[in-house]
Amino acid sequence: CADMEAEAADAVLALTDIADDGLFMEVKSEFAKSVVTGLLKINGTTVGAVANRTVRFDDEGEAAEKFEPVLTVDGAEKAAEFVNFCDAFEIPVLTLTNVSGFAASAYDETHLAKAAALTYAFANATVPKVNVIIGEAYGSAYVAMNSKAVGADMTYAWPSASIGMMDAASAAKIMYADEISAASDKTAFIDEKAASYAELQSGAAQAAQRGYVDVIISPESVRKQLVYAFEMLY
């Protein structure tokens with residue numbers, strides 16, 4: 001998985017790289033494209049995968065579509081149905097997580113309650129569940145994406161991952177609202193406080209210290225670690 005970090009934006013590529021013989025079968029590829037669902041084998045074991053996607057590359061390697069790192073209602077429903085399918089047939093579930101929150105469109109806001117189906121699906125599933133945080137993991141959207149809070153058996157994170165209630169800049173604006181209004185250079189002040197917050201609160205190491213992450217792994221070791229994880233969980 002030497003190119004895993006470069007491929008992470010398009011989960012189809014990342015999951016293909018993880019899979020035995022490079023074979024990943026995507027399910028519902030044309031619906032809610034910011035969430036990828038599908039089946040692969042890892043060391044001979046059939047595994048269901050749910051992943052966030054920010055870019056869809058075409059056959060020439062060009063970015064055909066781009067998506068925000070947010071969870072839409074349609075994406076949550078798509079993922080929930082797939083997790084329920086995997087649980088019914090005793091297929092373990094892998095998630096690749098990169099999500100900063102829920103989508104804020106009018107449709108998503110008025111149907112947000114439906115997104116709870118994903119949280120329930122992961123919490124209710126009794127099959128082995130492994131989560132790899134490959135980017136951002138913020139707030140209730142991260143909770144829904146197979147977090148330890150809803151029962152993930154193993155949670156890994158890349159060293160570059162960011163994990164917490166919200167992104168560092170938003171947290172800084174809330175925590176230092178009075179100071180920001182009085183600062184002569186507001187942008188520089190926010191950047192400074194956001195960097196400090198990220199270092200102390202949002203890093204993968206800090207999440208591991210708090211028990212939100214079990215192991216910090218390098219991108220190139222993902223497949224090897226998943227082989228160990230699913231063998232252990234079986």
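Buried means under 20% relative accessible area, exposed means over 50%, and partly exposed is in between, with a 1.4 Å probe and protein chains only. Hi everyone, let's keep that in mind from the start. At 0% relative accessibility, Asn146 counts as buried. Asn146 sits in the loop between α6 (139-144) and β10 (154-157), with helices (H or I, at least four residues) and strands (E, at least two) taken as DSSP runs numbered from the N terminus. Its phi is near 65°, a positive value in a residue other than glycine.

A word on the source. What you see is a predicted model, where local features need pLDDT of at least 70, side-chain atom pairs count only at pLDDT 80 or more, and totals for chains, interfaces and linings use all residues. Residues are numbered from 1 along each chain as its sequence is written, and side-chain values use heavy atoms, with hydrogens and water left out.

Now the overall picture. The protein chain has 11 helices and 12 strands. Of its 234 residues, 48% are buried. Taking contact as heavy atoms within 4.5 Å, residues 24 or more positions apart account for 69% of the contacts with a separation of 6 or more.

Back to positive phi for a moment. Lys28 also has one, about 55°, although it is not a glycine. Lys28 lies in the loop between β1 (24-27) and β2 (35-42), and it is partly exposed, at 42% relative accessible area.

Next, please find helix α3, residues 73-88. Buried residues in α3 include Val73, Ala76, Ala79, Ala80 and Val83. An α-helix has 3.6 residues a turn, so residues three or four places apart point the same way. After α3 comes Glu90, with a positive phi near 55°.

The aromatic rings are also worth a look here. Rings of Phe, Tyr and Trp (its six-membered ring) pair if their centres lie within 6.5 Å; planes under 30 degrees apart count as stacked, over 60 as edge-to-face and the rest as tilted. By this rule there are two aromatic pairs. The rings of Phe85 and Phe89 have centres 5.1 Å apart and planes at 45°, so this pair is tilted. Phe82, Phe85 and Phe89 form one aromatic cluster. Within it, Phe82 is buried, Phe85 is partly exposed at 39%, and Phe89 is exposed at 57%.

Let's move to Leu94, in strand β7 (residues 93-99). Leu94 is buried, with a relative accessible area of 0%. Leaving aside residues up to four places away in sequence, Leu94 touches Leu15, Val47, Val130 and Phe230, among others. The C-alpha atoms of Leu94 and Val47 are separated by 6.8 Å, though the two are 47 residues apart along the chain.Last stop, the second largest pocket, with a volume of about 180 Å³. On a 1 Å grid over the protein atoms alone, a pocket is an open set of points where a 1.4 Å probe fits, with protein on both sides within 12 Å along at least five of seven lines; lining residues have an atom within 4 Å of a point. Among the lining residues are Asp10, Glu26, Arg53, Arg56 and Asp59. The elements giving two or more residues to this lining are α2 (11-18) and β4 (55-57). Thanks, everyone!

Technical notes: The expected span of a helix is 1.5 Å times one less than its number of residues. Grid points are joined across faces, edges and corners, and a volume is the space filled by probe spheres set on the points.
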